[in-house]
Amino acid sequence: MASWNQGRSTIDALLGSGRLERVPASRQAAEAELVRARVHVGSARQLAARDPEGAYTLAYDAARRALAAVLQNQGLRATSRGGHLVIYEALRAQLGPPLGATLRPFNRMRARCNEVEYRSTQAPTVTSEEVDADLTKALR
C-alpha cells in the first residue's frame, strides 16, 4: 500500500468507521478506472445536447471514477456505508492543499447528480451548458 502523511488521521477515522476499506493497491485497476472515466466523458459529450440529465450523470460518474482511481492506487476503496461522499472526504483530507479548488467541484456535482437522480422539484433543469461546464471540471 502506498503511504501518505497528509490527512492520515482522517483516513484512519474513515477506515475505523467502515466508510472506507483497504483493498490491494493496484495501479492497473486505477488505470482501468481512468479509462472508464474517459469513456464516460466522451459519452457525456455526445449526449449533452440531446439528453443533458443523462450526460450530467455520466460526467459526474467520470469524475467519481477518476477520484476513486486515486484511492485504488493507494489501496483504499469507498464502502457502501461511505458512499460517494467518502471519496471526496478522503481525497480532500490528503490533497486539499494544494488541490482543494480542483477537488471542490466534485462535491457540488455529487449533490447536483443526486438532485437529478432523485428528482427534486426545486432543482432547476440540467442544461447542455451546465454539462459542458462541469465536464471541463471533471477533466481536471
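User: What comes after H4, and what's its phi like?
Analyst: In this predicted model, Arg119 follows helix H4, and its phi is positive, near 50 degrees. Helices here are DSSP runs of H or I with at least four residues, strands are E runs with at least two, both numbered from the N terminus.

User: How far does H4 span between its end C-alpha atoms?
Analyst: Only 16 Å, although H4 takes in residues 85–117. A straight helix of 33 residues would span 48 Å, taking 1.5 Å times one less than the residue count.

User: Where does H4 bend, and by how much?
Analyst: At Gly96, by about 125 degrees, the angle between axes fitted to the seven residues ending there and the seven starting there. There's a proline too: Pro97 follows within four residues of the bend.

User: Switching topic: where does Gly83 sit?
Analyst: Gly83 is in the loop between strand E2 (76–78) and H4.

User: Is Gly83 buried or exposed, or in between?
Analyst: Partly exposed, with a relative accessible area of 25%; under 20% is buried and over 50% exposed, with a 1.4 Å probe and protein chains only.

User: And how far is Gly83 from Arg19?
Analyst: Their C-alpha atoms are separated by 7.4 Å, while the two residues are 64 residues apart along the chain.

Key:
Residues numbered from 1 in each chain as written. Predicted model: local features only at pLDDT ≥ 70, side-chain atom pairs only at ≥ 80, totals over all residues. Heavy atoms only, no water.
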